[in-house]
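Hello,

Here is the structure I promised to pass on. Please open it first; my notes follow below.

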Amino acid sequence: MGMKTKIALGAVVGIAVIGALSANSGDGDGDARSDGRTSASSGEKADGAKADGDAKADGASDAKPAEDKAVEKASQAEQFKAFVRKNGTPKEKDAVSHVTKVQGADEQNDILDAADVYTDFTGGIMGEGTGPAKLIASSFADWKDSENGLVTIYDADGELLGNGQF
């Protein structure tokens with residue numbers, strides 16, 4: 001077998017394994033995944049009952065502080081930036097200030113978690129963002145924790161800057 005054939009066969013097998021893992025990564029209780037996970041009504045089930053069993057008929061608000069509600073409504077990028085502003089070093093804060101978008105950080109199954117972080121750096125792997133990409137990956141690992149997670153950092157053009165485990 002030629003080298004190209006081996007690489008193609010390896011890629012096909014890898015994709016099949018990833019597909020099998022993601023198909024088997026359900027929550028296991030048989031309920032529909034959208035039942036407590038919609039963005040408009042995260043505190044209610046599909047039938048309108050409160051998820052925590054609280055039967056408030058008058059529609060009174062929960063006893064969460066306003067800061068927690070603001071963090072829940074913020075984008076993943078804003079949540080990540082807020083975490084680093086609170087817990088990061090000055091170099092990490094500077095690197096994370098270039099983050100424009102975060103995808104895949106909200107749902108994790110500890111089997112094969114993958115998150116993408118987009119930045120405003122330019123030049124790809126040979127550009128100025130390679131060093132800060134390592135800091136961003138390290139900060140992301142402090143923010144999220146997974147048994148088997150991979151975070152990938154991209155530049156403004158979608159080119160790879162770096163990656164790391166979280």
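The charged end of lysine 144 sits over the ring of tryptophan 143, at 4.7 Å from the ring centre. Keep in mind that this is a predicted model.

Tryptophan 143 itself is buried, with a relative accessible area of 17%. The cut-off for buried is under 20%. Tryptophan 143 also belongs to an aromatic cluster, together with Phe80, Phe140 and Phe166.

**The aromatic pairs**

Searching the whole structure gives five aromatic pairs. One of them joins phenylalanine 80 and phenylalanine 140. The geometry is edge-to-face, with 5.6 Å centre to centre and 65° between the planes. This pair links distant parts of the chain: phenylalanine 80 is in helix α3, phenylalanine 140 is in helix α5, and they are 60 residues apart.

Phenylalanine 80 lies in helix α3 and tryptophan 143 in helix α5, so the pair ties together parts that are 63 residues apart in sequence.

**Helix α3**

Helix α3 covers residues 76-87.

Which residues of α3 are buried? They are Gln76, Ala77, Phe80, Lys81 and Val84. Viewed down the axis of α3, these buried residues fall within an arc of 135°, so they line one face of the helix. The general rule behind such a pattern is simple: an α-helix has 3.6 residues a turn, so residues three or four places apart point the same way.

**Glutamine 76**

Glutamine 76 is buried, with a relative accessible area of 18%. Not counting residues up to four places away in sequence, glutamine 76 touches Val102, Gln103, Gly104, Ala105, Asp106 and Trp143. Glutamine 76 and threonine 100 are 24 residues apart in sequence; C-alpha to C-alpha, they are 9.9 Å apart in space.

Best wishes

Technical notes: Residues are numbered from 1 along each chain as its sequence is written. This is a predicted model: local features need pLDDT of at least 70, side-chain atom pairs count only at pLDDT 80 or more; totals for chains, interfaces and linings use all residues. Side-chain values use heavy atoms; hydrogens and water are left out. Helices (H or I, at least four residues) and strands (E, at least two) are DSSP runs, numbered from the N terminus. The expected span of a helix is 1.5 Å times one less than its number of residues. Buried means under 20% relative accessible area, exposed over 50%, partly exposed in between (1.4 Å probe, protein chains only). The arc is that of the directions from the helix axis to the C-beta atoms. Contact means heavy atoms within 4.5 Å. Rings of Phe, Tyr and Trp (its six-membered ring) pair if their centres lie within 6.5 Å; planes under 30 degrees apart count as stacked, over 60 as edge-to-face and the rest as tilted. A charge sits over a ring if NZ of Lys or CZ of Arg is within 6 Å of the ring centre and within 35 degrees of the ring normal.
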